[in-house]
Amino acid sequence: MGEHGASNGDRDLARLLRLAGRRVDVDPVRAARVERAVRSAWRAHRARRGLRLRLAAIGLAAAVLIAIAASWPRTPAVAATVELARGATVSGRVLARGDAVAVGETVNSAGGRVALRLANGLSLRLDHDSVLRFTGDGAELTAGAAYIDHLGDGAGLALRTPFGAIVQHGTQYEARIDDAGLSLRVREGAIALTCDAGEFPATAGERVSLADPAGAIVRGTIAADDPAWDWAGECAHAPALDGATLADALTWLCRERGWKLAYDAGLAERAASTRLHGLPADLSPRDALDYLLPPCGLAASNAGGRLAITLPTENAP
Amino acid sequence: MIRVLALFALTVAVACGADGRTPLHQVLDSLRAEGLTIVSSDALVRADIAVPAPAGATPRERLDRALDGTGLRAVAGPRDSWLVVGDPPKAAAPAAVVSQILVTSDKVEDVSSLDAWAKTFIKPGMSDREKAIAVWETVVKFRHQEQPPNEYNTSAGSPHDPIKSFNVYGYNMCCCASACVEALARRAGLEARGRIINNHSVPEVKFDGEWHLLDASLICYFPRPDGVIASVNDIADSVDAWNTQRGGAMDDAALRAFMRGGGWRNGPEVLRGTAAYNDNGWLAAGTHGWYATMHEYAGIKRDGIYEYGTAVGYRVNVQLRPGERITRSWSNRGLHANMDEGWAPGVMTKASDVHYAAAYGDVAPGRMGNGVHEWAVPLRQATLVGVALECSGVRDGKTGLVVADAAKPGVIVLRVPTSYVFLTGAASVTAAPAAGGAVVVELSDNNGLDWKPVATIDAAGARDLDLNALVLRRYDYRLRLTLTGAGTALSGLALRHDIQCSQRALPALTQGENRIAYASGDEGTITVEGALIDNGGRNLRFTDFHPTLVGVEENLLKLTGPTGSATVAVATPGDMKRLRLGAHFRARDAKDGYDVKASFDEGRTWLDVGRLAGPTAGTSVAMAIDAPKGARAALVRLDGQQSNTTCLFDLRIDADYVEPASRVAPVAVTYVWEEDGVEKRERHVATKATDAWTITCAGKPLLKDLIVELAP
């Protein structure tokens, strides 16, 4: 029966029904079977129609999202990620571990300290009352102190100060601005300060002070384990050491503390093959030795910045 | 709280083995999951430390319980942490196999190997004659004329290797003794050959440009009137001339009568100068006399040259593995290599048969000895991994080894070598097979090439397994235990063997001071030796080692055409040091023979080892080649050529290797003897590779046992 013939058909059907009288009751079992069949067919139809509707809706939504995304303001590039923060803020918001700091933002450590990790792996730590702004090509330190630890091969971080710009070569160093001017302390590797007075390189163990951008450079020395470095260690964020070898853990610790690592005979191999388990994630260089050595059945002595790994006295031959 | 405890219990239970113990590091992980900061290292918390599931109301209490008995403890660390510290529990000592254990006394010469014999008997500056006499004396000293033992892995049946004869048996027959003389003479750098005479076989040794008879079997040789030791032909000429002069040979009764009362001194001239006969014409052993000599040399062929030779290679190598103990006794229990055949050598019971031997330095109370080789196999994975040829698919359980993975069988393969022939064998196996699982025991006597079923154990308990028929007359076998089924456990394995040893070569004691020396080494040996003839299944055949035969028969490796080859593989469990080959062969034509080659790279290249060269009706040679560093497998090939007759009578290949678990370890050496009916016992622990000590016997000792075992 075609659609065009439906109205005529209805009328004919009505007439026939009237002529036929009251309808005979249908067998309930048969009725139920027919109902199930009809309902199943109806559901299948609905499902097909629903799918078509959903596809159309998804397409529409995608178009809207693309349009919104195209007109949305771009997020500034991430300059660093917070590894440890105690009271530091950026743009007025208090920083927490895992936060991202964007290019253009200024970190203010205020009375706390903050440790940041740059995308190139460099560790940047700020002492109390430090102010540092990330620029597109580096960072500007305008107050306080920054400690930079870069093991990578690249340029590290171009750090500018009101006194001059510092470039580094695989190094650990500190740049501090205070009332006396700018002081640079090099713990490892080498840096170069470029200022109005010229370019001044400095290598491990050197301290360079500058009271005025055009003034005279004053040089001095500083030991790798000088207490002046302690603040940087206190806000160091330990790498994932749980499951690491003792040798790896000690290497990290000695770098943070400026110690030279030495082993008694046979113990280097033992340290390289001994793995540690259960170390806390927030291991600090200050108490790391207390965690690391006793569970390995080892001890240490420290003289003149040389950490010697030994057997405990009762086990020594 | 209850849920936390339940979680802890569940975690530990999941990690528990069948013995209810959990690796300590897993227990610590579970406690960390409950919030404890526990810092540990695998230097102290070793993977093999297992503990029962710890009880306790708090994680801290359970930490202490877990560490109980481990030698470890928890101490407070920084910031509420707990550090696991303490004395590291002693790791299981590396398993040790101590090899080449040699105990000697200053009362008995060292004849444990051809090299040891040469060092003892052949001195710098000796003349060739003196060397030859030393050879003869050695054989006289260390073997007695007797019905020989038969091992059935040589063409003669009986062992002809001098070192084996001296150390394992101490008795044999004329062909064996001749082969011994020939082998030692060659080791001393002298030419030697065998001679066929009437009802006897004798050796000749060449020195000063002549051949000389040195009969160690009947304990005689005969200086000519010029003082030179006579050859076989010299004796035959003299005997024949005397018989001719007398108008013919006398019969046996007449000869026996003639020799009495010094009558033999009126016999053939060459026989008159010997010191071998007593006044009545009897030789030292009393088994033969002048009359016999007259029979043996009368009318013989002057060119009857044939050697009942030997494929040398045997050497004493007493090895000890953890749990192993070897007892050698100056007595016997009536057990010998042919006890399954219904006869026994006379020296088993009649020590008087060797009455003459004291004059040659024999201080043993008898000749045939028995001993016991026992091994209580330590069923610890760490030990077996070093000692067993294979230990896989098992882990340490509470009382032994347990199948580690239900999907894979556990396999333990043990090698059981001996220097003293196995006479009996018994294995006691205690197992607990899981439902549907089993412990299958198999034995291989051909270096693991084939396996014979011993038993399938599918019920828990101890089983005694009879290995007698499988190990009789063997010197090396492997036992394989295959464990199947989740949880199937092996908690006991003990092996016991009766062995045979010659009392004569044991390091005896005498009244007074006795200087004892100890030495050990690192070598083991894998041997390929089997009969080249049908031996009725009474020992291995050469073909049991799966040789590749091309153009040669299985029987005597006879060539079926002008050329042919036999190639056999030998593999060692440690780095091979050398290959040694001994052969007794025939190559009648000068062009006949076998070229012996070895390959250490699966046949890609071949190195010349030597040649079994003709012409000879029968002779014996020994050769060796060093293995390249790191080699653990070799192929040995004999390329034969034949224009007349080429065949092998005996062949032995020894691959010496460094035992992988070899190390110097304390070895306890215990002497047991009696003085005036009172048992004396002296135990000395040798802690170094060489050692020496003194044992003083106040009275004449009746020697009982020499026991060696690893000291705890």
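Chain B has 13 helices and 38 strands, where a helix is a DSSP run (H or I) of at least four residues and a strand a run (E) of at least two, both numbered from the N terminus. Keep in mind that this is a predicted model: local features need pLDDT of at least 70, side-chain atom pairs count only at pLDDT 80 or more, and totals for chains, interfaces and linings use all residues. Residues are numbered from 1 along each chain as its sequence is written, while chains are lettered from A and ligands numbered from 1 in the order in which they are written.

Take the chain B contacts between residues at least 6 apart in sequence: 73% of them join residues at least 24 apart.

Thr120(B) sits in helix H4 (residues 114–121) of chain B. Thr120(B) counts as partly exposed because it has 16 C-beta neighbours inside 10 Å. Leaving out residues up to four places away in sequence, Thr120(B) touches Glu109(B) and Asp110(B).

Now for an open sheet of four strands in chain B, ordered S26-S34-S29-S32 with antiparallel pairing. Strands pair if DSSP finds at least two bridges between them. S26 (523–529) and S32 (616–626) of chain B stand at the edges with a single partner strand each, so one side of each has no neighbour in the sheet.

**Where the chains meet**

Here 16 residues of chain A are in contact with 17 residues of chain B. Strand S17 (276–277) and helix H6 (288–292) of chain A each give two or more residues to chain A's side.

| Strand pair | Sense | Bridges | Residues opposite each other |
|---|---|---|---|
| S17(A) and S2(B) | antiparallel | two bridges | His277(A) and Ser40(B) |
| S26(B) and S34(B) | antiparallel | seven bridges | Glu529(B) and Arg652(B) |

Chain A averages a pLDDT of 81, and 74% of its residues score at least 70; pLDDT is the predictor's confidence in each residue, from 0 to 100. Over residues 1–29 of chain A, pLDDT stays under 50.

How values were computed:
Two residues are in contact if their C-beta atoms, placed from the backbone, lie within 7 Å. A residue is buried if 20 or more other C-beta atoms lie within 10 Å of its own, exposed if 12 or fewer, and partly exposed in between; C-beta atoms are placed from the backbone.
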